[in-house]
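Try each task before reading its solution.

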Amino acid sequence: MRIRIVDAFTDRPFTGNPAGVLLLDAFPDDARMRDVAREVNHAETAFAHPLPAGGEADWALRWFTPAAEVALCGHATLATAHVLHSTGAHRGPVRFLTRSGVLVATPAEDGSVILDFPTAPLTEVAIPAGVAEALGAEPVTAYDTGPNVGDLLVELADEATVRALRPDHRALGAHSARGVIATARAAAPDAGHDFVSRCFFPNVGVDEDPVTGSAHTALAPYWSARLGRTALTGLQASQRPGRVRTELRGDRTLLAGSAVTVIEGELLA
């Protein structure tokens with residue numbers, strides 16, 4: 001069983017968000033996939049296998065954190081598409097059958113991959129009691145991001161506040177299904193990004209995710225409405241930062257980024 005570690009939403013190794021990728025003939029049982037994901041111990045490990053020709057999708061795809069299976073994952077989808085294209089296992093756009101429907105990953109001329117994901121439905125909510133204390137900063141607004149993403153999205157005062165967060169991860173877990181997305185407008189218009197974010201997902205065993213594609217399906221409509229543009233660039237300001245190019249297309253959001261394979265080996269157990 002071949003296993004690869006791929007850094008996603010980056011064009012340089014040891015940055016962006018690492019994911020495990022396994023291309024299989026069929027899915028093993030869930031306990032086996034959970035064991036492998038715990039051993040890989042990155043935010044997500046992706047498991048994929050080819051589907052019969054002529055159907056609605058080319059590959060079946062599932063994602064596991066070290067603690068749970070998730071319904072939607074951007075960086076591990078990007079990593080899987082990168083492995084398929086770089087190894088010649090699939091050419092051209094690839095359609096993935098997932099728990100969030102069919103997701104399409106299309107290779108771009110510059111070597112990046114464009115993901116076509118469902119746009120997260122945003123619903124403004126009252127700022128929950130205790131969120132400010134758990135984050136260590138006072139939110140300006142708060143939004144529910146719907147069932148596929150499962151986060152509380154909060155805007156903070158400015159980019160510096162987002163970068164300086166040192167949250168109480170356990171306390172954050174009480175406020176949403178997966179975790180909390182903290183975001184703010186870019187501090188400078190020439191910074192190369194339009195907004196910043198950080199993502200904390202204690203309920204799926206990931207205290208801080210480095211670069212989160214699924215979160216950008218909520219960040220894209222949020223910031224597009226405020227900035228008046230459908231095409232934006234987000235910087236996830238973690239210790240392993242990465243940029244996600246977004247384009248809002250109604251109920252779909254395009255996410256674009258690059259990926260780099262850093263480890264390839266054989267799973268012996």
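**Exercise 1. How many aromatic pairs does a search of the whole structure find?**

Solution. The search finds four aromatic pairs. Rings of Phe, Tyr and Trp (its six-membered ring) pair if their centres lie within 6.5 Å; planes under 30 degrees apart count as stacked, over 60 as edge-to-face and the rest as tilted.

Some ground rules apply. This is a predicted model, where local features need pLDDT of at least 70, side-chain atom pairs count only at pLDDT 80 or more, and totals for chains, interfaces and linings use all residues. Residues are numbered from 1 along each chain as its sequence is written, and side-chain values use heavy atoms, with hydrogens and water left out.

**Exercise 2. Classify the pair of phenylalanine 47 and phenylalanine 64.**

Solution. Step one: take the geometry. The ring centres are 5.7 Å apart and the planes stand at 90°, so this pair is edge-to-face.
Step two: place the residues. Phenylalanine 47 is in strand β3 (residues 44-50) and phenylalanine 64 in strand β4 (residues 59-64), 17 residues apart. Strands (E, at least two residues) and helices (H or I, at least four) are DSSP runs, numbered from the N terminus.
Step three: check burial. Phenylalanine 47 has 1% relative accessibility, so it counts as buried. Phenylalanine 64, also at 1%, counts as buried. Buried means under 20% relative accessible area, exposed over 50%, partly exposed in between (1.4 Å probe, protein chains only).

**Exercise 3. Describe the setting of histidine 193.**

Solution. Step one: histidine 193 sits in the loop between β12 (179-185) and β13 (195-201).
Step two: its relative accessibility is 7%, so histidine 193 counts as buried.
Step three: list contacts (heavy atoms within 4.5 Å). Beyond neighbours within four places in sequence, histidine 193 touches residues including Glu159, Thr233, Leu235 and Arg243.
Step four: look at side-chain polar atoms. One lies 3.5 Å from the backbone oxygen of alanine 191.

Notes: A polar contact is a pair of N or O atoms within 3.5 Å; within protein, one must be able to donate a hydrogen and the other to accept it, and residues adjacent in sequence count only if both atoms are side-chain atoms.
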